[in-house]
Structures are given as C-alpha cells and as structure tokens.
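Subject: Structure for your attention

Dear colleague,

Please find the structure below, together with its sequence. My findings follow it, and I would be grateful if you read them with the model open.

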Amino acid sequence: MRIPPSAAPHRYDKAPVVRVPGTHQAWRGDGVWAALAEHAAGGTIVVDTYPASDVDAYVTEIERALPAATVLDVERAAARSPEDIEALIGDNLTDDRVFGVMSHRTLDALYDPARLDEVARRVADADGQVVLVGWGASLVPVPAATLVLADLARWEIQQRYRSGLPNWRAANGSDDALRKFKRGYFVEWRLADRHKRELFDRIDFLLDANGSVADAKLVTGDAFRAGLAAATAGPFRVVPFFDPGVWGGQWMKDVCDLDPAQENYAWCFDCVPEENSLLLAVGDEVVEIPAMDAVLARPVELLGERTFARFGAEFPIRFDFLDTMEGGNLSLQVHPLTDYIQRTFGMHYTQDESYYLLDAADDAVVYLGMKTGADPEAMAADLRSARSGEVDFPVEKYVNSFPAKKHDHFLIPAGTVHCSGADSMVLEISATPYIFTFKMWDWGRVGLDGVPRPIHLDHALANVQWDRDTEWTAEHLVDRVETVAEGDGWREERTGLHELEFIEVRRHWFTGPVDHDTGGTVNVLNLVEGSEAVVESPDGAFEPFVVHYAETFIVPAAAGRYRVRPLGDEPRHATVKAFVRGTETR
C-alpha cells in the first residue's frame with residue numbers, strides 16, 4: 001500500500017487531551033463515594049445518569065460503599081411503564097430500521113409526577129442519608145442536595161448496544177444495533193441533552209460513567225466547567241473513533257496507528273462533537289465527557305454569535321474519514337433535500353457534504369451526478385430489480401464516474417447521487433446531520449453482521465435531482481478551486497462548497513507561518529499536507545497547539561486571531577478550513 005510522503009506514521013493522536021487549568025481535585029474508585037458522602041454531610045445525594053448507564057450496578061456499588069445510606073432507583077420508582085413510554089414515543093420511532101422522527105419532548109414526560117412526589121416523601125421520611133440514582137433523578141423535588149451528573153459518551157453507548165444492552169426501559173436487547181441507535185438518536189439522546197443542559201451550571205460533581213462503575217472517576221463541577229471554558233478558548237481536538245465496514249480499507253491502519261490485526265477500518269469520526277468525546281486532564285486523572293457538553297454549555301464562545309443564532313446549540317460542521325484504500329466502493333446514495341428532511345424527520349437542516357481526497361490510487365474514482373440523457377424511470381426500474389436481487393445495478397449506465405486524485409475536492413449538495421469508489425481516502429467535510437444516507441445500491445453486499453444493509457429507495461428517488469447531469473456536475477461540483485489571496489510563503493484557495501450548501505472551505509498552502517482569524521465564527525481545520533504544524537496565538541491568548549498530519553482540530557470563535565506555522569521539514573504544508581458562510585462578525 002502507498003503511504004503519502006507527508007504522512008509520518010504513528011504521530012496521529014488518538015487520545016487528545018484538554019488540560020484543565022487551576023487546582024482541581026479528582027477521585028477514583030472508592031474515593032468517589034467517600035468524597036460525595038463528605039460533601040453531602042449526611043444529606044441527600046442525587047446521581048443523575050445518562051440513558052444506557054448501568055443503574056443496577058450503581059445501586060450495588062453505592063450500597064457497598066455507603067452501607068448506612070438508603071439507595072433509591074428513581075427509574076424503577078417513578079418512571080412511566082415501558083408500555084406507556086412505547087405509546088408516547090411510538091410516532092417518533094416508526095417501523096423503519098434506521099430512520100425515525102426527531103422528538104421535541106422533555107424528560108419529565110417519561111415520569112409520573114405523583115410517583116416523583118412519593119419518592120420525595122420517602123426521602124423526607126428516611127432515617128439517615130439517601131442516594132437517588134437514575135436518569136432523571138434530579139426531577140425528584142427534594143431540598144438542596146449534592147448533585148452529580150453521571151455523563152456518558154455516545155460512542156460508548158453504541159458499543160453497549162452492540163453488546164446486547166437494550167434501550168432505556170425497553171425489552172429490545174436482542175434487536176439489531178441500528179434500531180437501538182435509532183431510538184437513541186431520535187428520542188433518548190435528545191431528551192437527555194435537553195435535561196443535562198439544565199444541570200451544567202449547578203452540578204456539584206461530574207462522574208465519568210464510560211468505564212466500570214467500580215472504577216468510576218469523579219471531578220468537581222467547577223473542574224468540569226473550567227474544562228469546558230479551556231476547550232472553548234483555544235484550539236482543541238475531540239477524541240476520534242474508528243469502525244470497520246464492508247467496504248473498509250487499510251490507509252488509516254498506518255497513518256492513524258491502528259490495530260493491524262483488524263480486517264479493515266472504514267470510518268473515523270474525527271470531528272463530530274455530537275458523537276465524539278472530550279478528554280479533560282484534571283490533576284493526574286483524565287476524565288471522558290461528551291464533546292457535545294461544550295456545545296451545549298458554551299455555544300457562543302464555541303460557535304460564535306451568528307452561527308449560534310442560526311443553528312442554536314448544535315455544532316453544524318462535520319469532518320470524518322472514509323477509507324476505501326484496498327477496500328470497496330461505498331454504497332450508491334443520496335441525501336435528503338432540506339424541505340424533505342424537515343417534513344419527514346423533523347430535522348431543520350440537511351446532510352450536505354463533500355469529499356476531499358487525502359489520498360487516492362491511480363485508478364480511484366468518485367461517482368457523482370446523473371449522466372446526461374439518463375432515463376429516471378428506467379433507472380428506478382433497474383434499482384428496484386437490483387434491490388430484489390434479480391440483477392446487479394448498472395451504475396455506469398446512469399451515474400457519472402470522475403477520476404479522483406489526492407487533494408481533489410468533490411462537492412455534494414443534497415439531492416446529488418454519489419459515492420466514493422475503491423482505493424480512495426476521503427476527508428468528508430459536511431453538515432452535521434450524519435445518518436440521513438438513502439442507499440440506492442450496495443453492490444449486492446451484506447453488512448458485517450451478515451444482514452443486508454438497509455436500502456431506502458423510495459426516500460432516495462423522492463430526492464434525486466435528475467437535472468444534475470454530466471455537464472452541470474463537472475462545472476459546479478468537481479474541484480472548483482479559486483485563489484482568493486496570497487502572500488509571502490502562502491496561498492489561500494477557495495475549494496467549495498457549492499452555493500446551495502452553507503459551508504465554506506478554504507485551503508491554505510504554506511511554507512512559513514500563515515495568519516488566520518476566526519472572525520467570530522467557529523473554524524474546523526485538518527492538516528492535509530505536512531507532518532506537523534503548530535497553532536499559535538499572536539497575542540498569547542492560548543497556549544501553542546501542535547497538530548499532526550490528518551488530524552482535525554477546532555478553533556473556537558472566541559479564539560480570534562491565530563497563526564499556523566509548519567514544524568515538519570517537508571517543502572510545503574496545507575490545511576483545509578471550514579466555517580459557516582456569512583457568519584463572521586468582524
């Protein structure tokens with residue numbers, strides 16, 4: 001396999017850390033419950049968890065560590081019955097394996113108010129200390145208590161789903177992971193994020209719930225808030241995660257220093273704060289929290305005023321990797337138009353995207369747009385025949401195939417038929433709604449679980465923009481590079497995205513320092529050429545931040561001016577930078 005000359009293997013940081021400034025204390029294991037008991041001084045302790053937490057394990061561990069305390073599982077005591085919850089959220093779940101409808105409920109809808117009041121009476125009548133635990137424990141109307149948020153990252157939740165964990169108060173442990181993920185994505189995580197956002201300013205402690213309950217880590221609420229402030233003051237990286245796939249490749253194994261024994265790696269979520277984690281270094285401990293906490297708690301500092309005004313507390317830009325080097329083609333697919341995703345799934349913006357080629361073999365291609373003269377009815381009929389297993393779908397008859405080489409940029413506004421071919425390494429620069437892929441043809445494959453991957457042909461055909469033919473696609477979507485500025489040792493190019501998409505992408509080639517300014521809006525960058533660079537503040541507003549080849553990093557809006565300086569000895573370096581078009585405030 002060919003490794004690009006600029007890629008220094010084993011320098012990609014898979015566990016980037018944000019160091020929390022100041023003097024803060026952290027506890028682990030038995031020290032967690034001793035610290036909480038001391039802080040509560042005999043009063044009530046409330047441990048509000050995230051769905052997919054092992055509440056039974058918490059009850060057992062707390063009873064062992066604090067034998068004199070009364071431990072109450074709030075979920076068992078006051079949540080509505082599984083049947084009532086199913087009836088309440090049924091319209092959000094739908095019968096589809098992948099897609100639901102976004103829930104706008106709040107967590108209190110899943111609880112019985114009278115039973116919450118009864119738990120409060122039990123606390124008042126208890127002889128001695130009481131510990132309330134469970135998702136929604138803070139809904140119990142008790143007087144001042146020691147409040148703990150037990151937070152959990154979504155990647156960890158997904159691993160638990162794959163291992164057989166059911167959704168919250170559901171008997172679906174044997175369901176396939178996609179259905180459980182759907183219930184989390186469209187319902188549970190939405191309610192959970194709304195709920196915990198209201199707790200951030202008043203929690204006394206943050207509990208890292210990603211590991212075993214017996215070895216849990218605890219930091220003060222002040223340390224948690226200081227960590228979020230530090231992350232949103234200067235450049236930082238979220239924790240990437242990697243996953244295999246039926247089309248997965250071999251490139252990331254070398255460049256990202258992954259397990260060579262694995263068959264392949266298909267995906268890397270390198271900057272999707274809704275899914276990724278943040279690692280906060282507090283003293284000698286490192287605690288893991290969802291990166292989404294920074295978005296929810298400090299949206300203006302992170303996103304900027306105008307981006308926040310447009311999207312709310314959501315991180316609208318996604319960077320991820322799609323590795324097909326020595327692998328296979330992605331599925332032929334299309335993403336929904338904005339009006340369609342709003343009407344059908346309750347999302348307020350759609351999955352526009354682009355493919356930036358980090359690397360490519362000589363025969364690499366990207367399938368993009370309809371061939372001029374392609375017959376929509378004939379294509380739909382051929383797709384239906386292929387879905388039924390009668391024939392293979394003749395992709396080349398209907399869809400353009402463009403040669404792809406390193407540093408090409410292909411733009412993919414919603415409604416455009418596309419897929420990356422084999423032997424490519426794609427940096428996908430996209431809008432954040434990331435699960436709305438309507439597969440049209442999957443080359444006759446099954447998933448790694450042996451089950452055919454979902455095809456959503458009706459959704460797809462309702463969104464295909466048939467007029468994006470060969471000429472239009474070549475003119476508007478293929479490697480539209482325009483030099484916009486240059487100076488001593490640097491050149492800035494606009495590479496996209498398309499005018500229908502809200503993300504602007506700029507590429508900087510540089511041999512020496514190059515100055516940037518967030519302009520009051522969040523910037524997301526990747527070092528796409530060169531082994532190493534350092535991000536510096538001209539006025540010392542943040543500590544120097546070192547990045548390596550292929551690493552994605554976020555520069556918060558509040559960081560202001562920054563400079564990227566090459567550290568490697570290559571003849572040139574390059575970054576690609578994405579931001580929301582038209583949101584600069586200066």
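How much space lies in the second largest pocket? Please bear in mind that this is a predicted model. The answer is about 540 Å³.

The second largest pocket has a lining of 28 residues, and those nearest its centre are Arg190, Asp193, Arg194, Leu296 and Glu314. Helix α7 gives the largest share of this lining, with 7 residues. Both α7 and α10 (292–297) supply at least two residues each. Sorted by class, the lining comprises 13 nonpolar, 6 polar and 9 charged residues.

The largest pocket holds about 1,300 Å³ of space. It is lined by 44 residues, and the closest to its centre are Arg162, Leu178, Asp243, Trp267 and Arg453. Several elements each supply at least two residues of this lining, among them the helices α6 (154–162) and α7 (177–197) and the strands β9 (241–243) and β10 (267–271). The strands β13 (317–323) and β15 (353–360) do likewise. By class, 22 of the lining residues are nonpolar, 9 are polar and 13 are charged.

I turn next to the nonpolar cores. The largest one contains 178 residues, and the members that touch the most others are Leu132, Tyr185, Met252, Leu278, Phe315, Phe321 and Met440. Helix α7 contributes the largest share of this core, 7 residues. A second, separate core has 14 residues, including Val514, Ala533, Val547 and Val564.

Phenylalanine 315 shows what such contacts look like in detail. Beyond its neighbours within four places in sequence, phenylalanine 315 is in contact with Cys271, Pro273, Val295, Leu302, Leu303, Tyr349, Thr432, Val522, Val524 and Ile554.

Finally, please look at leucine 567, which sits in the loop between β30 (561–566) and β31 (573–580). Is leucine 567 buried, partly exposed or exposed? Its relative accessibility is 36%, so leucine 567 counts as partly exposed; buried would require under 20%, and exposed over 50%. Setting aside residues up to four places away in sequence, leucine 567 touches Glu532, Ala533, Val534, Val546 and His573. The C-alpha atom of leucine 567 is separated by 9.4 Å from that of valine 547, which is 20 residues away along the chain.

With kind regards

Key
Residues numbered from 1 in each chain as written. Predicted model: local features only at pLDDT ≥ 70, side-chain atom pairs only at ≥ 80, totals over all residues. Heavy atoms only, no water. 1 Å grid on protein atoms, 1.4 Å probe; cavity = no way out; pocket = protein on both sides within 12 Å on 5 of 7 lines; lining within 4 Å. Points joined across faces, edges and corners; volume = space filled by probe spheres on them. Helix = DSSP H or I, 4+ residues; strand = E, 2+ residues; numbered from the N terminus. Nonpolar A, V, L, I, M, F, W, Y, C, P; charged D, E, K, R; others polar. Buried < 20%, exposed > 50% of the residue type's maximum accessible area, 1.4 Å probe, protein only. Contact = heavy atoms within 4.5 Å. Core = buried A, V, L, I, M, F, W, Y, C linked by side-chain atoms within 4.5 Å.
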